[in-house]
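Please keep the sequence and the model in view while reading.

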Amino acid sequence: MTSSERTAEREHHAILLAEDDPAISDPLARALRREGYTVEVTAAGADALSSLDRGGFDLLVLDLGLPDVDGLEICRRIRQDGDNVPVLVLTARADEVDTVVGLDAGADDYVAKPFRLAELLARVRALLRRGTPDARTDQPAGSPNEGVRIDIESRQAFLDGAELHLTAKEFDLLRVLFREVGRVVTRDQLMREVWETTWWSSTKTLDMHISWLRRKLGDDASQPRFITTVRGVGFRFERE
Ligand code: CA
């Protein structure tokens, strides 16, 4: 692919960059624009929220340490509002990464500061590819209302033909539940298979991931189409 073809492919993508440190945002915005993206930069969390409210962004690059509204809070709020825009987190707090990605905030990916520009651009490309299923040429065949489909090799999951934006743990969770379709999978088994632990106090993590997964599947916990809670035991992925 030539660089002008690359630019043509990307020019319709709009990125919101929320970062208060100009030593990071200036060169990063320049690099993203050079790649052909439209970039809006905000230095404050409140501005980021109002820009997101306006809509039209294909990706949010989000610094966690913003001066007014914390990046985690921004992430939570937009997910609560049902906004599925892919979120790439920039963080210097490497120890909080697990909390950030997927767990309670609902981000899709992260890059730890200091980061290499090439690495960040690669993550941006990957998220934008995931975020634009219409542009894909390898949509799975079949009727548009086919429920959930999983491609283990490419680690992609589809709902009614549209690709789901799942974090790594959400994908693993769905994969295990889906494999056992129609059967109860115990909490213990999920903790072992997805988190490789039997550390019981962390099953709160499991509940949070189940709730994120349900949200992405458009599932209603009280009347689930896909994931049923089996009280005191675990969860069951329902046959369609
Ligand atoms: Ca900052």
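1. Donors are N, O and S atoms within 2.8 Å of the metal (3.2 Å for Na, K and Ca), and sites may look incomplete because water is not among the atoms. In sequence, the donor residues of the calcium ion follow the spacing D-x42-D-x1-G. They are Asp-20 (OD), Asp-63 (OD) and Gly-65 (O), which coordinate the ion at 2.2 to 2.5 Å.

2. The model is predicted: local features need pLDDT of at least 70, side-chain atom pairs count only at pLDDT 80 or more, and totals for chains, interfaces and linings use all residues. Residues are numbered from 1 along each chain as its sequence is written, and side-chain values use heavy atoms, with hydrogens and water left out.

3. Is Asp-63 buried or exposed? Buried means under 20% relative accessible area, exposed over 50%, and partly exposed in between (1.4 Å probe, protein chains only). Asp-63 counts as buried because its relative accessibility is 4%. Gly-65, at 38%, is partly exposed.

4. Helices (H or I, at least four residues) and strands (E, at least two) are DSSP runs, numbered from the N terminus. Asp-68 lies in the loop between strand S3 (59-63) and helix H4 (71-80). With a relative accessible area of 41%, Asp-68 is partly exposed.

5. His-165 belongs to the loop between strand S8 (162-163) and helix H7 (168-179). At 16% relative accessibility, His-165 is buried. His-165 and Lys-216 are 51 residues apart in sequence, yet 7.7 Å apart in space, C-alpha to C-alpha.
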